[in-house]
Amino acid sequence: MHNFIEPLGNWNPQLLRELKGRFKPRNILLASVISVLGQFGIFMYFQTQLPNPINRIADIYNKYCTGKPLPNSKEPLCLLDGLGNLVINSQLWSLDRFISLSIIGILILLLAGTYLLISDLATEKRRGTLNFTRLTPHSTASILTGKLLGVPILIYLVAVVAVPFHLWAGLAAKISLGQILSFYGVLVGSCIFFYSAALLYGLVSSWLGGFQGWLGSGTVLALLMLTKGISTTSYYNSTTWLKLLNPFCLIPHLSASSFNESFATGLEGFKWFSLPLGDSVLTAVGFVLLNYSILTWFIWQAWQRCFRNPKATMLSKQQSYLLTACFTVLTLGCANYNSIENRSVYAAPLLENLLALSLLNLLLYLCLIAAVTPHRQTLQDWVSARPKRGSNSKRFADSSLVKDLIWGEKSPAVVAIALNVVIAIIPLALFILLSPAQSATGINAAAKVNESRTGALFGLTLVASLILIYASIAQLRLFMRTQQRTL
């Protein structure tokens, strides 16, 4: 084993350091046994779900049979073949095994992986070894890659051992190999995204102590459970974007299984700016991976800034403007652009979309306030340095101050937050003004949808004002001379 992992040190010393402490024969054997036993347990569970013809007195009804169900029952009647054996819907049985393995695999990879990464970072901080890692000449990206690949290595092993059983179940369920591999690609992308976010969270939340690992994995679980029920059918709004972050949505043939009652849908019927991306596996997978890639890039930028300099802001102001623009385009495209005739009688799509977009933007700006607001000492240094920047022209000084407030990393963040609000407000205002809901025609169209553009614009202004108030309060608290100051 030593000869296998030692060459990795030349490529990534951080990865070698992580593997030496974890990738030991005893741990490898234990992880493999747990994976095999888990697969065997799932297989035996589904064996018990098959109908049992022994001592049959009355007709048997089971979801894996092939007959017709009773009028008030969803389970079909079990039929016999010419030899007296029950005819089983083996494709549905294999599909349920495939989907159950997919769900369990997603939960194990994301929850256990995020917990291990956050706890590992907290342990290094407590022992003081993280500062030693900061002083190494290796690049920040190399250290981050080593953490992502090395810390959850045993979780990866559990998943890899389960791949043959998972593939067998998927192929037996008549799922194409391309769809299965596409799902694996989405799962890899989701792991990179959630693991990167976990490392950034662990880096900036050391004040939570040992609780931060549980809070981080609990947040991931809450996101997965809340977004799995979001529908992508006719009656959706911009919160559908959150579903794209959930790998459950791209489990192949999810809606055809007996698990479909626990999930709204996959990405069937999903549209982005009225483009039917959900109609093709290729476009759906590509768009999900695009979202993961964009968000992961910003997380990596924040990690690289904070890792070397813990007092630096997570994002520069330029990066915050770019993040807001990307976020606005991605979420605005998920709004409901269906005509009135395709909506519910009780739907108010303009207000529903605006409410969803406002909620998503409020969450974004709360994160941005924390990400671009400098520390108190940095702000004091900036204030004390301002008078020393002499200039013969007051106009030039004012221009310098404006540029510093917009682009400077040490200046207060209120102006930058206001510009981020403007970046998001302009497309949202255009969306309200150009919404086809008011101009749509149809029987009782006015009665079906009661929308007010004036009220929507007023609500948008209210949300923008609320965000600016939050940013101002956060900035003022940093200037306060108290020891119990928190954002």
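Are Glu 124 and Lys 147 buried or exposed? Glu 124 is buried, and Lys 147 is buried too. Here "buried" stands for under 20% relative accessible area, "exposed" for over 50%, and "partly exposed" for anything in between, using a 1.4 Å probe and protein chains only.

Before going on, a word on the ground rules. This is a predicted model, so local features need pLDDT of at least 70 and side-chain atom pairs count only at pLDDT 80 or more, while totals for chains, interfaces and linings use all residues. Residues are numbered from 1 along each chain as its sequence is written, and side-chain values use heavy atoms, with hydrogens and water left out.

**The overall picture**

The protein has 19 helices and 0 strands. Those elements are DSSP runs numbered from the N terminus: helices are H or I with at least four residues, strands are E with at least two. Of the 487 residues, 45% are buried. Among contacts with a separation of 6 or more, 74% come from residues 24 or more positions apart; a contact means heavy atoms within 4.5 Å. The protein exposes about 24,700 Å², and carbon and sulfur atoms supply 66% of that. Accessible areas come from the Shrake-Rupley method with a 1.4 Å probe, and for residues only the protein chains shown count as cover.

**Salt bridges**

Side chains of opposite charge can pair when their charged atoms come close. The structure holds 8 salt bridges, each defined as a side-chain nitrogen of Lys or Arg within 4 Å of a carboxyl oxygen of Asp or Glu.

| Asp 120 | Arg 22 | 2.7 Å |

Take Asp 120 and Arg 22, which form a salt bridge. Asp 120 sits in helix α5 and Arg 22 in helix α3 (residues 13–22), so this pair ties together parts that are 98 residues apart in sequence. Asp 120 counts as buried because its relative accessibility is 11%.

Glu 409 belongs to the loop between α16 (394–407) and α17 (414–434), and Arg 305 to helix α12 (residues 281–308), so the pair ties together parts that are 104 residues apart in sequence. With 41% relative accessibility, Glu 409 counts as partly exposed, whereas Arg 305, at 17%, counts as buried. Salt bridges that share partners also join Arg 17, Glu 18, Arg 22, Asp 120, Glu 124 and Lys 147 into one network.

Helix α5 (residues 90–127) has 38 residues and should span 56 Å at 1.5 Å a residue; its end C-alpha atoms are 54 Å apart, which agrees. The expected span is 1.5 Å times one less than the number of residues. Just after α5, Gly 128 takes a positive phi of about 85°.

Helix α17 has 21 residues and reaches 30 Å from first C-alpha to last, close to the expected 30 Å. Its buried residues include Ala 416, Asn 420, Leu 428 and Phe 431.

**Around α9**

Ser 190 is in helix α9 (residues 177–204) and counts as buried, at 0% relative accessibility. The Ser 190 side chain reaches the backbone oxygen of Leu 187 at 2.7 Å. Leaving aside neighbours within four places in sequence, Ser 190 is in contact with Leu 110, Pro 247 and Tyr 292.

In the loop between α8 (153–172) and α9 you'll find Ala 173, buried with a relative accessible area of 1%. Ala 173 and Phe 98 are 75 residues apart in sequence, yet their C-alpha atoms are 7.9 Å apart in space. Again leaving out neighbours within four places, Ala 173 is in contact with Gln 91, Ser 94 and Leu 95.

**A nonpolar patch**

On the surface, Leu 359, Leu 363, Leu 366, Leu 466, Ile 469, Tyr 470 and Ile 473 form a nonpolar patch with about 600 Å² of accessible area together. The elements giving it two or more residues are α14 (349–372) and α19 (453–479), and α19 gives the most, with 4 residues. Patch residues have over 30% relative accessible area and no salt bridge; nonpolar side chains (Val, Leu, Ile, Met, Phe, Trp, Tyr) are joined within 5 Å, like charges within 9 Å. Leu 359 is found in helix α14 and, at 46% relative accessibility, counts as partly exposed.

Methods: A polar contact is a pair of N or O atoms within 3.5 Å; within protein, one must be able to donate a hydrogen and the other to accept it, and residues adjacent in sequence count only if both atoms are side-chain atoms.
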